[in-house]
Amino acid sequence: MVNDITWAKEAVFYHIYPLGAFGCDKQNHGEKTRENNILKTLDYIPHLKELGITAVYFGPLWESGTHGYDTYDYYKLDSRLGCNDDFKMICNALHQEGIRIVLDGVFNHVGRGHKAFVDVLDKREASPYRDWISGINFSGNNGHNDGFCYDTWAGAEELVKLNLYNTDVKQHILNAVNMWIDEYQIDGLRLDAADCIQKDFFKELRSFVKSKKNDFWLMGEIIHGDYNMWANDDMLDTVTNYECWKGIYSSHNDKNYFEINYAMKRQWGAGGIYTNLSLYDFVDNHDVNRISSLLKDKENIYPVYTLLFTMPGIPSIYYGSEWGIEGEKNVGDVGDYPLRPEINIGKMKGKNRDLIEHIIALISTRKSTACLTYGIYEEVQVRNETLVFARKYNEEYAIVALNCTNNEVLLNFIYQNQEYSFVLPAHGSKILK
């Protein structure tokens, strides 16, 4: 059965973009920019424990030239973060605290500094790596005037698409995955640009990792389409839930809870299309605006987080957003960097404690209430500005009520033949068990 990994179903994730969070240089200049920044993860552990986090998803960690998604070496920690032994220390520390570790697997493309591409630049047609590059054409050219062209990710020539039909390429990747499992005991991978990778590769990857570790977790980055195409018994365990990400913030901005209610019913209601999946839920990440920037009314961050931790799926916090920090995408050279700032965890102590305490309480409630992890979604009462739903699992159920307005609201409804009546404060929420 797909996605039957208990630890992942019950997980509460914390997503760190380490090259940003730990203040690394934007460009990798080798020895000049070498640091041991990954060790700053140790400073986060008390915070993770206070929140109740059970799994950390690290954004790209492997040697790269800039933002981490232009991988140079799958076998080596980025020198701006430290050395492999530094990361082993982090893995041991997290595992000792019962926190699982998921790494960003960027296998669709590499950077122009990867050994295969460097060799092709040097030897052209004579390079033994020429078939590692997808769509390579020595009769063409590109913006770097290499004298050949090749397939890229989204037209970015710095992101060189790999030929994952090539046996040597696949073995190169699987050997790297094998190393990170054997030596660092990682628990899963998030597959970048999963919609750009042929499905047969995921089948091979799944077979390999499950033979190593039967509870190894594979999560794919998917934005559009039928998530069952990627998350199934043959391929990945789950995918990113971008459908509900959009519904969460826009329902609050438009004061239209019908939108997110429809999405959750479609996905996880009786007869829903994803009732067999625990999708990866989030309210922001390294690619989209921070939730505090997305919300027109900042106070709605409270019902937003209530929704995140009570809706079906696996909830994830993006580092810093638990304090309500803001960040918006920009164009040009700045790009996504405002979404990926450095955060000195020591200086955040005491910041926005109301929101922190709200999230701590939500995570505690989720952990102690099985139906919030395993239950189906049931609409109870939906209005433009208020939403009441239930999560039902066997005979257990929990009722969740949300208010996205500036005013307190009196709610009256019936569920399971019982009448309920109570007042929700402005931007308030309530969980009844």
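How many of the 10 residues of helix H11 (residues 301-310) are buried? The count is 10 of the 10, so H11 is largely enclosed by the rest of the structure. Buried means under 20% relative accessible area, with a 1.4 Å probe and protein chains only. This is a predicted model: local features need pLDDT of at least 70, side-chain atom pairs count only at pLDDT 80 or more, and totals for chains, interfaces and linings use all residues. Residues are numbered from 1 along each chain as its sequence is written, and side-chain values use heavy atoms, with hydrogens and water left out.

- Helices (H or I, at least four residues) and strands (E, at least two) are DSSP runs, numbered from the N terminus.
- The buried residues of H11 include Tyr302, Tyr305, Leu308 and Phe309.
- In helix H3 (residues 41-51), the buried residues are Thr41, Tyr44, Ile45, His47, Leu48 and Leu51.
- An α-helix has 3.6 residues a turn, so residues three or four places apart point the same way.
- The buried residues of H3 pack against E1, helix H2 (18-21), E2, helix H4 (84-96), E13 and H12.
- Glycine 52 follows H3 and has a positive phi, near 105 degrees.

- Two strands pair if DSSP finds at least two bridges between them.
- Strand E1 (residues 13-16) points Phe13 and His15 one way, and Tyr14 and Ile16 the other way; all are buried.
- E1 pairs with E13 in the parallel sense over three bridges. Here phenylalanine 13 stands opposite serine 316.
- E1 also pairs with strand E2 (residues 55-58), in the parallel sense over four bridges. Isoleucine 16 stands opposite phenylalanine 58 in E2.

**Glutamate 322**

- Glutamate 322 sits in the loop between E13 and helix H12 (353-368).
- Its relative accessibility is 0%, so glutamate 322 counts as buried.
- Contact means heavy atoms within 4.5 Å. Leaving aside neighbours within four places in sequence, glutamate 322 is in contact with Tyr14, His47, Leu51, Tyr305, Ile317, Leu355, Ile356 and Ile359.
- A polar contact is a pair of N or O atoms within 3.5 Å; within protein, one must be able to donate a hydrogen and the other to accept it, and residues adjacent in sequence count only if both atoms are side-chain atoms.
- The side chains of glutamate 322 and histidine 47 make such a contact at 2.7 Å.
- A polar atom of the glutamate 322 side chain lies 2.9 Å from the backbone nitrogen of glycine 320.
- Asparagine 352 is 30 residues from glutamate 322 in sequence, but 8.4 Å away in space, C-alpha to C-alpha.

**Largest cavity**

- On a 1 Å grid over the protein atoms alone, a cavity is a set of points where a 1.4 Å probe fits but cannot get out; lining residues have an atom within 4 Å of a point.
- The largest cavity holds about 100 Å³ of space.
- It is lined by 15 residues, and the closest to its centre are His15, Tyr57, Thr240, Tyr280 and Asn285.
- Strand E12 (280-282) and strand E13 (314-318) are the elements that give two or more residues to this lining.

**Open sheet**

- Three strands form an open antiparallel sheet in the order E6-E8-E7.
- Strand E6 (109-111) and strand E7 (152-153) stand at the edges with a single partner strand each, so one side of each has no neighbour in the sheet.
- E7 and strand E8 (residues 156-161) pair over two bridges. Threonine 152 has valine 160 as its bridge partner in E8.

Notes: On a 1 Å grid over the protein atoms alone, a cavity is a set of points where a 1.4 Å probe fits but cannot get out, and a pocket is an open set with protein on both sides within 12 Å along at least five of seven lines; lining residues have an atom within 4 Å of a point. Grid points are joined across faces, edges and corners, and a volume is the space filled by probe spheres set on the points. Buried means under 20% relative accessible area, exposed over 50%, partly exposed in between (1.4 Å probe, protein chains only).
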